[in-house]
Structures are given as structure tokens and as C-alpha cells.
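I start with a charged side chain, then move on to helices and aromatic rings.

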Amino acid sequence: MWFDYENGDQQELRELVSNNPEYENWFENIKDRNTNLLELDTQIRGEEYIWGSLIYQQDIQDKNEKNIFHFWISRDFFVLVDFDLSVLKANPVAIHKQMNQAENAVEGFFIILGEILVSYLQKIDGYEERLHDLLWEMKEHNNREILEKIYENRHELLVWKNLVVPIVELRFVAEEAYGREIHERTEFSRVVTRVERIRTLLDEYQHAIDTMVNLEEVVSTHRGNEIMKTLTVMTILFTPVTAWGAVWGMNFKVMPELEWKFGYAFAGVLILSSTVGIYYYLKKKGWMGDILRVKKKNKFFG
């Protein structure tokens, strides 16, 4: 037996709460709750029950835009409060039929969890496509905007992980409450498989994102070093101009060069030869690197 507070008879739920103190405690704890919660009661053997709240949808951009439902699970029946099946874009008729055919309430509840995980997998497929596009965009047009997109994807990945973790915990709590025999239930096994599938995908995407971040850091460091190297080399190359310009910019009365007929030409040749000499000295030492090469399209370090 299962009961949906949103679509069912609210009076029936009130009677259920009023006739059972443990339900009333549950009902009081879920009022106005907007975070995950999971509790297990095993005081009476054979009458174990699980209750709590689960965030099953979360907007990537706004932390306050989320869907949460509350649940009570025993062997004989389960109760859902504020669960909106339309959010999952699933077939409600087919899901209700599945739950009515479930062998017990625990299996019926795991049908709901299975549908939630299916919706996750569908959205994760879209995330995979965006990540693939970003991978090539990073190579073709690498800039600060791409770095921003990488970190947005990393944030989205963390949101997905936070959605899956409570379901993973629910799986273990169900095992704790109902023993290893729950693994014989088809719907529980499906949830376990889907959870592992999602976690494997998220781990792989996490590895890809981390690799992209590391690559960005290496490229940024390399480019920063190249900029500093370029500025240093340019400073050294212009040192003769600065030095000789400072000498001839002095205002001493006795400066023989001012009277020379070819003083200007001499100064130009001296400055040029000094600059060229320093340039070839740096090049011979191998300190010029490739900083003067033109950037090439579609290259990380070009």
C-alpha cells in the first residue's frame, strides 16, 4: 500500500498521524523542512521503518530552486509527501501500476527511487555532451571564458554528486533495516545498479574536469613565464638605448661629442651595435627561447 499526500486524501493522512504517535513525530519533523534527512527505527524486530526527506531535483544556478519530498517506509506501506512525479517527466500511469504490483512497500518505494535515477541519467547524458563540446572548445579558443565554463561544469558535477549521495545512503539504510534479503528484490537491485552507473560516470567526468583544470593551470603558468621572459628580454635589449641616452642627456658644459661632425651617426651606430651584441649574446646562451615566434592557431602553447 502506498499513499501520496499531494494527490490523495489529506484527511486520511491526518487520521493516520493522529492514530500513531510515531507517525506524528515524523510529520512534525518534516514540516517546512528543505534539507535531506534520513532516520531509521529498528526498536521492534520485524517492524523496522525508515523516514526522512530527500531533495530529488536541484537547479544548477539557484540553490533555492529545488524539489524535496518526505517519506515514511515500512514493510506494509509507504507514505510520500510533496512528491511531484511530473518533475521526472515519467509516465505516471506506468509507475503507479508498477508500485501496485510490487511485492511489498519497500520495493514500491525503490520503484520511485529508480525513476528518479533514470531522470538523473537522462540529464547526465546532456552534461556529457556539453563537456565534450567544452573539451574541443578549450583547444580551439582557449581563454578566460573557457576557464569559467570549466569551473561551471565542475560546480554542476558537484551538484549531481550531492543529489546522488543521499540515495546511496538510503540504499545502505535499507540493507540495515531489512537485511541482505532485500537484494533479492528486483527494484532494489535496479537502484543499486543505477547508482553505481551514475557514480562511475560522475567519477569519470570528475577526472576529465580535473585534467582540464590542470591543463589550464599548466598553460597559464607557461604563458605567464613567457610574458615575464619577453618583458625581461625586451628590457635587456633596450638597456643600451637607455644607458647611452642617459649619458648624452646630461647637461655638462664639457661634452666633446656635442661638437663632433658625425656625433649623431656615431651615437646611432653605437646604440645599434650594443643592442645587436646583447641580442646575439642572449641567443647564443639559449635564453631567447621561442618568445619571438608567432602564435599558431589551434595550439595550446603556440
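Entry: I looked up Asp41 and found it buried (under 20% relative accessible area, with exposed over 50% and partly exposed in between, 1.4 Å probe, protein chains only). Asp41 has no salt bridge, a term I keep for a side-chain nitrogen of Lys or Arg within 4 Å of a carboxyl oxygen of Asp or Glu.

What does the side chain of Asp41 join in a polar contact? I find Tyr49, at 2.8 Å. A polar contact here is a pair of N or O atoms within 3.5 Å; within protein, one must be able to donate a hydrogen and the other to accept it, and residues adjacent in sequence count only if both atoms are side-chain atoms. Leaving aside residues up to four places away in sequence, Asp41 touches Glu48 and Tyr49 (heavy atoms within 4.5 Å). Asp41 itself lies in strand E2, residues 37-41; strands (E, at least two residues) and helices (H or I, at least four) are DSSP runs numbered from the N terminus.

**A note on the model.** This is a predicted model, where local features need pLDDT of at least 70 and side-chain atom pairs count only at pLDDT 80 or more, while totals for chains, interfaces and linings use all residues. Residues are numbered from 1 along each chain as its sequence is written, and side-chain values use heavy atoms, without hydrogens and water.

**Entry: aromatic pairs.** My search of the whole structure gave 14 aromatic pairs (ring centres of Phe, Tyr or the six-membered ring of Trp within 6.5 Å; planes under 30 degrees apart are stacked, over 60 edge-to-face, the rest tilted). Phe69 and Phe109 make a tilted one, 6.5 Å centre to centre with 55° between the planes. This pair links strand E4 (residues 66-73) with helix H4, 40 residues apart. Phe69 counts as buried because its relative accessibility is 0%, and I noted 0% for Phe109 too.

Phe110 and Phe188 pair edge-to-face, at 5.0 Å and 70°. Phe110 is in H4 and Phe188 in helix H6 (residues 186-237), so the pair ties together parts 78 residues apart in sequence.

**Entry: Thr235.** Thr235 sits in H6 and is exposed at 53%. Its side chain reaches the backbone oxygen of Leu231 at 2.7 Å.

Definitions and conventions: Lys and Arg count as positive and Asp and Glu as negative; His and the chain ends are not counted.
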